[in-house]
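Please look through the charged side chains in the structure shown here. The notes are meant for someone who has not seen it before.

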Amino acid sequence: MKRLVGVMLGVLTAIGGFMDIGDIVANSATGARFGMSLAWAVLLGTVGIVVYAEMAGRVAAVSGRPTFDLVRERLGARMAIVNLAASFFINLLTLTAEVAGVAIALQLATDVNYLLWLPLTALLVWLVIWRVRFTLMENVFGLMGLAMIVMAIAVWQLHPDWSQLWHGASHPVVPSGEGHATYFYYAIALFGAAMTPYEVFFFSSGAVEEHWTRSDLSENRANVFIGFPLGAFLSLSLMALATLVLFPRGISVDHLSQAALPVSLSLGKIGLALIIVGFFAATFGAALETGLSAGYTISQYFGWQWGKRNRPRDASRFHLVVLVSIGVAMLVALTAVDPVKVTEYSIVLSAAALPLTYFPILVVANDPDFMGDKVNGRFGNAIGSIYLVILVVVSLATIPLMIITKAGA
Amino acid sequence: MNDRRELLAGLHLLDHQILDCDGWAAGKVDDLELDVAADPTTALPVVTAILSGAGALSRRLEGRLGRWVESVDERLASDRVPSQIAFELVSEIASHVSVTASRDDLETGRGERWTRERIVGHIPGAGHAPE
Amino acid sequence: MGSAWSVRVAVGALAIVAAGCFQPVGPARTFHDYELKAESTAKSARSSVETARLAVQVATDGDAFPPYVSVLLAEAESDASNSQGTFLGIQPPDKHSDRLRDRLGRLLEQTGNVLSTLRITARRADLQQLKGQAARLPALSKRLDRFATEHE
């Protein structure tokens, strides 16, 4: 039982990181438009986050400090502040979309306009960060998020042509009527959604909040090797549902409600109820992660006491940053800007900034001063370096593709 | 701290985490105050104080960003000198820098104290660790 | 890698995000341009119609709760209405385009009417009524699809 509970950090990170409102809509929209032909992008991103989250968790367990904390020490104040500025801004965009996402999930259940739910959801997110213990938070939202497994059951229940699904995923082609630029733009969005930086900030700071030490290294691996692939499994289930139900009908996905439709069709009211609970948990989890990450990144750069584990008055500036961030996010969301658009931009912008986040992690994980004998092995460095090249390529391609395709229109 | 050490200030001191006597985080080493002529025997400058806080950091960040940070700090701080920790208080230099004082007694802790007293301390539940 | 550079990048990123979130629609200068916009409008309208069809199906089969069906139909209606508004707001570049505008305009009008009716019924939680009101959806969907294919 303790084993299961111990994996919850990874599960929550993955669910909040992989299945927030942006990812839900992106995976569903991609399935509705490209079928399974972009499944490879999800898998590519999953391997990347597994490799880097393991490194970040190991750094936190061995050195007692999260990776962002060490970036300034290792790479200098100037490089780190560029990192901070980019990360914080993108994080805030994402937080805005997530807070709105929670409100939208509540709207799906009640038909009360999401704008009316916003103040309550912002307050709830802040309250959970303020008062609820880290492990309890992980367990509750991680478990609730597992309700999304209903999506896999829904795929099963539709009795799909498995060989056709498999063929679509394993033989990626750009569907007729779609341009190559758009295809790769969506690939970047899916890849970026799997590797969003706040996942690493949260995972590595969370490891410190949970007082991980060297003896927890196997728990680190379990978290990473179970949690993130689970997230990928959920993403691909969602993509398959859209492929089977929405693609043939020419339905394009622009709303959270449409992403749930295949589940309703396949499994009826129970399925629908579970997926709405799952969406609520995922977006709430993501709001918690991005809210906390706002505090983590700024506090760790400036060396302030940070963390949920202390009395709030002992980490005052950290909590102030979290409070103000949630407040700003709520206000921006209240302007009724489309949260789906906001989150898609945040994914794409963070894709453009990926090397900034992950390069320092690779550097720090190789530093014997922090890591002792637990530095990266040759295999780990090989994959890490290959991915860094991929990240640079992705980062360079993102903005041009966004301009050419008019953001995937 | 009586024994003298030669350090690569950039590597061993700058941007490192400061911990107070109770293990609380107390900022980062943003800059150092050096006394250039202090030690005639080694002809090396001696570190006399650690500077920490926005006023100190802005001098190390170049360009417009640095000047912007500096102007923000000037507006918030009552005096114009970046806050310091006298180097005699340093007890250990490892990956972090430990000082023998409590963070509440340090000049550099004014930002945290202000936030605690004026804002966060007033929110219900601030004194309880999460349950 | 100076900080001035990073400030410029930040402003650039903000500009990109702002431009994206408040996207104005460009004008159509040729018939071909106009035709492309008409095609994408038709596809988008068809998507709303098909969403509504599925919504009605799950509603009448008892596979969904009334609030959810309401949200689906309200969103379908507002999406279609936005597409219509955007398309009609584009200045047709020539007489040939005028005819295109009339044809599609009529289809969009009919789409808007049906979706409105469905939304109103769903809000009243009168799910069984939906079936009858949705009878015109399949034909509308086919016509929108045909329109889009003709103007690919």
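1. The model is predicted. Over all chains, a search of the whole structure gives 21 salt bridges. A few of them are described in the next points.

2. A:Arg221 and A:Glu54 form a salt bridge in which the closest N and O atoms are 3.9 Å apart. This pair links distant parts of the chain, 167 residues apart: A:Arg221 lies in helix H13 (residues 217–246) of chain A and A:Glu54 in helix H4 (residues 39–63) of chain A. A:Arg221 has a relative accessible area of 43% and is therefore partly exposed, whereas A:Glu54 counts as buried because its relative accessibility is 12%.

3. A:Arg311 meets A:Asp314 in a salt bridge, at 3.0 Å from N to O. A:Arg311 is partly exposed at 35%; A:Asp314, at 11%, counts as buried.

4. One salt bridge, between the side chains of A:Arg317 and B:Glu112, has an N to O distance of 2.8 Å. It crosses between chains, from helix H15 (residues 316–334) of chain A to helix H4 (residues 110–118) of chain B. A:Arg317 and B:Glu112 are both buried.

5. A network of salt bridges links A:Arg65, A:Asp69, A:Glu73 and B:Lys28.

6. Which helix gives the most to the positive patch? Helix H6 (residues 137–150) of chain C does, with three residues. C:Arg106 sits in helix H4 (residues 95–123) of chain C, and its relative accessibility of 52% makes C:Arg106 exposed.

Definitions and conventions. Residues numbered from 1 in each chain as written. Chains lettered and ligands numbered in written order. Predicted model: local features only at pLDDT ≥ 70, side-chain atom pairs only at ≥ 80, totals over all residues. Heavy atoms only, no water. Helix = DSSP H or I, 4+ residues; strand = E, 2+ residues; numbered from the N terminus. Buried < 20%, exposed > 50% of the residue type's maximum accessible area, 1.4 Å probe, protein only. Salt bridge = Lys/Arg side-chain N within 4 Å of Asp/Glu carboxyl O.
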